[in-house]
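Here's a quick walk through a few features you can look up as you read. Have the model open and follow along.

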Amino acid sequence: MSNAFAWVFLAALAAASATRLWLALRQMRHVRAHRDAVPATFAATIPLEAHQKAADYTVAKVKLGMFDAVLDAVVLLALTLGGLVQWLAVQWDRLLPAQPLWHGAALIVSVFVLQSAIGLPLSLYRIFSVEQRFGFNRMTVKLFIIDVLKGIALAAVLGIPLLLAVLWLMGAAGSYWWLWVWAVLVGFSLFMQLIIPTFIMPWFNKFSPLQDPRLVQRVEQLLARCGFRSRGLYVMDGSKRSAHGNAFFAGFGASKRIVLFDTLVERLEPTEVEAVLAHELGHYKLNHIKQRLAVSFASSLAGLFILGLLVAQPWFYEGLGVQMQTLPVALLLFMLVSSTFGFFLSPLASVFSRRHEFEADVYATQHARAADLVEALVKLYKDNAATLTPDPLHSAFYDSHPPAATRIARLRTA
């Protein structure tokens with residue numbers, strides 16, 4: 001293996017995989033070490049049995065994540081230096097000679113179908129073993145299969161036309177193709193924000209108008225105080241898949257919807273639901289959603305610019321085990337390895353997200369009672385079996401939300 005980039009790729013993959021495993025081991029050791037005592041912050045509200053369940057649940061998920069990390073590395077090596085992408089490219093070239101657009105689309109789709117098939121047993125194990133063991137899974141095998149089939153249909157209807165548009169632009173838009181592709185991706189992303197709450201999500205879940213008159217009144221008063229308009233307040237039947245609870249806003253502009261999991265409505269008091277929604281409203285009113293979209297768009301522009309430089313470099317293809325040097329192959333290879341080279345940027349996104357969470361908490365305390373948000377969060381931590389004692393380094397690297405103790409302490413001093 002004489003290509004220098006191949007060694008760079010191997011070093012990056014080894015460093016990323018080793019770091020993932022090291023952080024996972026740290027998380028398991030830290031959670032286990034604090035399993036037998038509830039942190040003082042939660043001693044009066046969370047029983048030891050619930051705390052131990054959360055610890056065991058966290059360790060089970062981390063173990064599965066470690067296996068996933070190893071599997072990801074093995075599959076990536078097989079696809080690249082193992083020659084699988086090259087072999088698939090040759091096979092599709094025999095079936096679709098002189099048709100670069102369709103050849104490229106077929107190659108990319110076949111690789112992602114292969115990756116999805118390899119990851120399917122892991123998804124089944126997570127849902128029907130880990131989630132089942134801890135009492136969270138409510139999904140049946142039939143529903144799982146239906147979800148998979150619906151996902152495939154969506155990918156075919158939305159994903160394949162987008163892929164064909166991208167590949168066509170790469171071949172037809174000249175040296176600035178990456179800029180045109182970025183514009184298409186931005187437009188597609190905004191389009192998806194509009195149709196997800198109104199067309200896609202209802203295909204998977206049932207959405208019903210909130211019926212509790214006390215809660216409806218509180219939410220309407222909260223929206224009025226915050227100057228927020230939405231297309232409706234809905235309860236989603238999340239309980240048909242999982243016992244976990246959540247609340248979120250979907251869409252933007254005229255398609256904004258407030259969605260509560262039915263499990264959340266069942267477990268929280270109206271004042272607590274109001275506080276949780278005040279936090280979510282904070283993300284909108286403080287422009288966090290727009291900021292995240294801007295960062296996403298800027299990141300994709302930078303990535304496409306880099307890809308625009310790489311497509312003409314033979315060492316890029318050869319260093320990843322591919323002799324066929326075409327634009328679709330370059331796109332595929334870039335998608336496969338970009339997460340490896342970008343792995344150590346993950347903490348930046350986590351810091352960015354945690355800062356937004358703190359800011360949304362502050363906003364919530366200005367429009368609802370801090371004590372109600374504390375009570376709601378404690379119930380959610382308990383019911384969702386979220387660990388109260390994460391390893392600090394693991395949390396800093398990965399977690400999009402602040403550690404429970406830190407977050408509650410801030411809210412209690414608000």
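## The cavity

I46, A50, H51, A54, Y381, K382, A385, A386 and L388 line the largest cavity. A cavity here is a set of points on a 1 Å grid over the protein atoms alone where a 1.4 Å probe fits but cannot get out, and lining residues have an atom within 4 Å of a point. That cavity holds about 40 Å³ of space, the volume being the space filled by probe spheres set on the points. A search of the whole structure turns up one cavity of 30 Å³ or more.

Who supplies the lining? Helices α2 (48-79) and α14 (370-383) each give at least two residues, and α2 has the largest share, with three. Helices (H or I, at least four residues) and strands (E, at least two) are DSSP runs, numbered from the N terminus. By type, the lining splits into seven nonpolar residues, one polar and one charged.

## How to read the model

This is a predicted model: local features need pLDDT of at least 70, side-chain atom pairs count only at pLDDT 80 or more, and totals for chains, interfaces and linings use all residues. Residues are numbered from 1 along each chain as its sequence is written, and side-chain values use heavy atoms, leaving out hydrogens and water.

## Salt bridges

The whole structure has 15 salt bridges, each a side-chain nitrogen of Lys or Arg within 4 Å of a carboxyl oxygen of Asp or Glu. In one of them, D147 pairs with R241, with the closest N and O atoms 2.8 Å apart. D147 sits in helix α5 and R241 in the loop between β2 (233-236) and β3 (247-250), so the pair ties together parts 94 residues apart in sequence. Both D147 and R241 are buried (under 20% relative accessible area; exposed is over 50%, partly exposed in between, with a 1.4 Å probe and protein chains only).

K379 and E272 also meet in a salt bridge, at 2.9 Å from N to O. Since K379 lies in helix α14 and E272 in helix α9 (residues 270-285), this pair ties together parts 107 residues apart in sequence. K379 counts as partly exposed at 26% relative accessibility, while E272 counts as buried at 6%.

## A linked network

R292, E357, D361 and R407 are joined in a network of salt bridges. Within the E357 and R407 bridge, the N to O distance is 4.0 Å. E357 is buried, with a relative accessible area of 4%, and R407 is buried at 5%.

Conventions
On a 1 Å grid over the protein atoms alone, a cavity is a set of points where a 1.4 Å probe fits but cannot get out, and a pocket is an open set with protein on both sides within 12 Å along at least five of seven lines; lining residues have an atom within 4 Å of a point. Ala, Val, Leu, Ile, Met, Phe, Trp, Tyr, Cys and Pro count as nonpolar, Asp, Glu, Lys and Arg as charged, and the others, Gly among them, as polar.
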